[in-house]
Amino acid sequence: MALGKSENRQTQAASLKQILKKCSSFCKRSSCNEGGVVPKGHFPVYVGENRMRHIVPIAWLAHPEFQYLLRRAEEEYGFSHDMGIMIPCNECVYQTLTSMIR
């Protein structure tokens with residue numbers, strides 16, 4: 001049975017709420033501020049082999065491109081660790097995808 005538009009939006013909203021909760025929990029831990037202060041309404045992600053740190057606005061959680069990156073991160077690394085969200089792609093791919101969001 002296919003989901004209707006309203007059911008699909010509810011599922012997507014619930015998924016976003018869950019991801020937001022996970023992202024905000026990372027910022028409450030001390031490891032979040034190791035590279036400096038994270039502004040309110042943002043959270044850090046770590047990208048590539050060198051784990052370059054990027055500060056991401058929470059508003060990006062609504063964008064399909066960023067949701068794709070978060071789904072890959074959850075599949076690859078999970079969210080049950082203290083390291084913050086690690087995005088499993090190289091810097092160039094991350095920059096390209098996030099440039100579509102800005």
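Me: Which residues touch the most other members of the largest nonpolar core?
Reply: In this predicted model, V45, F66, I85, I87 and Y94 touch the most other members of that core, which has 17 residues. Residues in two or more places come from each of β1, α2, β3 and α3. Helix α2 gives the largest share, four residues.

Me: What does Y94 touch, leaving aside residues up to four places away in sequence?
Reply: Heavy atoms within 4.5 Å make a contact. By that rule Y94 touches V45, V47, H54, V56, W60, F66, L69, I87 and C89. One of these, V47, is 47 residues apart from Y94 along the chain, yet their C-alpha atoms are separated by 7.4 Å.

Me: Why are the buried residues of α3 said to be on the same side?
Reply: The residues in question are Y94, L97 and T98, in helix α3 (residues 91-99). They cover an arc of only 95 degrees around the axis, and therefore they sit on the same side of α3. What covers them includes β1, β2, α2 (64-76) and β3.

Me: How do you know that T98 is buried, and what does its side chain reach?
Reply: The cut-off for buried is under 20%. T98 has a relative accessible area of 0%, so T98 is buried. Its side chain reaches the backbone oxygen of Q95 at 3.4 Å, and the limit for a polar contact is 3.5 Å.

Me: Which contact is found at the start of α3?
Reply: There, a side-chain oxygen of N90 reaches to within 3.1 Å of the backbone nitrogen of C92. That too can be set against the polar contact limit of 3.5 Å.

Me: Why is strand β1 called largely enclosed?
Reply: Strand β1 covers residues 42-47, and five of its six residues are buried, so the rest of the structure largely encloses it.

Me: How do you know that β1 pairs with β2?
Reply: Two strands pair if there are at least two bridges between them. β1 and strand β2 (residues 52-57) have six bridges, in the antiparallel sense. As an example, Y46 stands opposite R53 in β2. The two strands form a hairpin with four residues between them, and G48 in the turn has a positive phi of about 80 degrees.

Me: What about β1 and β3, and how do they run?
Reply: Three bridges join β1 to strand β3 (residues 85-87), and the two run parallel. In β3, I85 is the bridge partner of V45.

Me: What makes the phi of R51 worth a look?
Reply: Most residues other than glycine have a negative phi. R51 is a residue other than glycine, and its phi is positive, near 50 degrees. R51 is found in the loop between β1 and β2.

Me: Why is R51 called partly exposed?
Reply: Buried is under 20% and exposed is over 50%, with partly exposed in between. R51 has 41% relative accessibility, so R51 counts as partly exposed.

Me: How many aromatic pairs does the structure hold?
Reply: The structure holds two. In one of them, F43 and F66 lie 6.2 Å centre to centre with 65 degrees between the planes, and the pair is edge-to-face. This pair links distant parts of the chain, with F43 in strand β1 and F66 in helix α2, 23 residues apart.

Me: Why is the pair of W60 and F66 called edge-to-face?
Reply: Ring centres must lie within 6.5 Å, and planes over 60 degrees apart count as edge-to-face. The centres of W60 and F66 are 5.8 Å apart and their planes are at 65 degrees, so the pair is edge-to-face. F43, W60 and F66 form one aromatic cluster.

Me: How do you know whether W60 and F66 are buried or exposed?
Reply: The limit for buried is under 20%. W60 has a relative accessible area of 10%, so W60 is buried. F66 has 0%, so F66 is buried.

Notes. Residues numbered from 1 in each chain as written. Predicted model: local features only at pLDDT ≥ 70, side-chain atom pairs only at ≥ 80, totals over all residues. Heavy atoms only, no water. Buried < 20%, exposed > 50% of the residue type's maximum accessible area, 1.4 Å probe, protein only. Arc of directions from axis to C-beta. Polar contact = N/O pair within 3.5 Å; in protein donor to acceptor, adjacent residues only side chain to side chain. Phe/Tyr/Trp six-rings, centres within 6.5 Å; stacked < 30°, edge-to-face > 60°. Core = buried A, V, L, I, M, F, W, Y, C linked by side-chain atoms within 4.5 Å.
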